[in-house]
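Student: Let us go through this model by question and answer. Where should we begin?

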Amino acid sequence: MNQLRSILSEYGIIFPQGHTSFYNHVTRICDPRSQAIASLLKPEIAMTLDEYHFHTERINDINATLQNIAQTNPIATILLSIPGIGAINATALFSAIGNGSQFKNGRELAVWLGLIPKQASSGEKMTSGGITKRGNRYLRKQLVHGARALTSRSAKKQDALSLWINQLKARRGAQKTYEV
């Protein structure tokens, strides 16, 4: 979409952002009666628009499949109840860790993902290792994006979780909030 948008903007064709607006405007431009662009360029743009439409439909089909899996799988349904976890994250987590029985607690999962440092303790002495990047890179990235989305949407809400996130943002800063 960005490539086609930049090509059209070179010709002085500018329209509002968003999928629907983009699709409607490009369809109108490709109409044979339209004088917005040269007639030689219209078939190329129409072919690119068909490709864009095909890929958009494929993405929508995959998202619908993931949503269906997430809603029918009992463990994924539990994961969906966690704020910041959607169908993509729930199905990815379930496929990577199953029921999670291999982890003693949530901290072990977070260490396995590479989100927090490994901790070793002996007697009264506790040592923390570094944060490794050994875990599932995709899962780590998706969970961080989910946390970012949650923290950005909490600004206008007044529920208990949003209030806690807003206080944390005020205390630690926006960039460090999703790392908690």
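Tutor: Start with a term: buried means under 20% relative accessible area. Keep in mind that this is a predicted model.

Student: Which residues of α7 are buried?
Tutor: Helix α7 covers residues 137-153. What covers its buried residues includes α5, α6, α8 and α9. The buried residues are Leu139, Arg140, Gln142, Leu143, Gly146 and Thr151.

Student: At what angle do α5 and α7 pack?
Tutor: Two packed helices are described by the angle between their axes and the distance between the axes. Here the axes of α5 (residues 87-97) and α7 are 10 Å apart. The crossing is left-handed. The angle is about 150 degrees.

Student: Which residues of α7 does α5 meet?
Tutor: From α5 come Ile88, Asn89, Ala92, Leu93 and Ala96. By class, this contact has seven nonpolar, three polar and no charged residues. On the α7 side the residues are Tyr138, Leu139, Gln142, Leu143 and Gly146.

Student: How far apart are the end C-alpha atoms of α7?
Tutor: Helix α7 has 17 residues. At 1.5 Å a residue they should span 24 Å. The model agrees with that, as the end C-alpha atoms are 25 Å apart.

Student: At the start of α7, which backbone nitrogen does a side-chain oxygen of asparagine 136 reach?
Tutor: The distance is within 3.1 Å. A polar contact needs N or O atoms within 3.5 Å.

Student: Is serine 154 buried or exposed?
Tutor: Serine 154 is found in the loop between α7 and α8. Leaving aside neighbours within four places in sequence, its contacts are Ser162, Ile165, Asn166 and Lys169. Its relative accessibility is 1%, so serine 154 counts as buried.

Student: What separates the C-alpha atoms of serine 154 and asparagine 166?
Tutor: Along the chain the two are 12 residues apart. Asparagine 166 is also among the contacts of serine 154. Their C-alpha atoms are separated by 6.8 Å.

Student: Which backbone nitrogen does the side chain of asparagine 73 reach?
Tutor: Asparagine 73 lies in the loop between α3 (42-72) and α4 (74-80). With 14% relative accessibility, asparagine 73 counts as buried. At 3.1 Å, its side chain reaches the backbone nitrogen of alanine 76.

Student: What does α3 reach from its first C-alpha to its last?
Tutor: Helix α3 has 31 residues. Its buried residues are Lys42, Ile45, Leu49, Tyr52, Thr56 and Ala70. At 1.5 Å a residue, 45 Å is expected, and α3 comes close to this with a reach of 45 Å.

Student: Which residues does serine 21 touch, not counting those up to four places away in sequence?
Tutor: Serine 21 has its place in helix α2 (residues 19-29). Its relative accessibility of 15% makes it count as buried. The residues touched are Phe15 and Pro16.

Student: What pattern does the protein follow along the sequence?
Tutor: There are nine helices and two strands. Read along the sequence, they give α-α-α-α-α-α-β-β-α-α-α.

Student: What share of the residues in the protein is buried?
Tutor: The protein has 180 residues. Among contacts with a separation of 6 or more, residues 24 or more positions apart account for 29%. As for buried residues, their share is 27%.

Key. Residues are numbered from 1 along each chain as its sequence is written. This is a predicted model: local features need pLDDT of at least 70, side-chain atom pairs count only at pLDDT 80 or more; totals for chains, interfaces and linings use all residues. Side-chain values use heavy atoms; hydrogens and water are left out. Axes are lines fitted to C-alpha atoms, for helices over the stretch in contact, and angles run from 0 to 180 degrees between N-to-C directions. Helices (H or I, at least four residues) and strands (E, at least two) are DSSP runs, numbered from the N terminus. A crossing is left-handed if the near helix is turned anticlockwise from the far one by less than a right angle, and right-handed if clockwise. Contact means heavy atoms within 4.5 Å. Ala, Val, Leu, Ile, Met, Phe, Trp, Tyr, Cys and Pro count as nonpolar, Asp, Glu, Lys and Arg as charged, and the others, Gly among them, as polar. The expected span of a helix is 1.5 Å times one less than its number of residues. Buried means under 20% relative accessible area, exposed over 50%, partly exposed in between (1.4 Å probe, protein chains only). A polar contact is a pair of N or O atoms within 3.5 Å; within protein, one must be able to donate a hydrogen and the other to accept it, and residues adjacent in sequence count only if both atoms are side-chain atoms.
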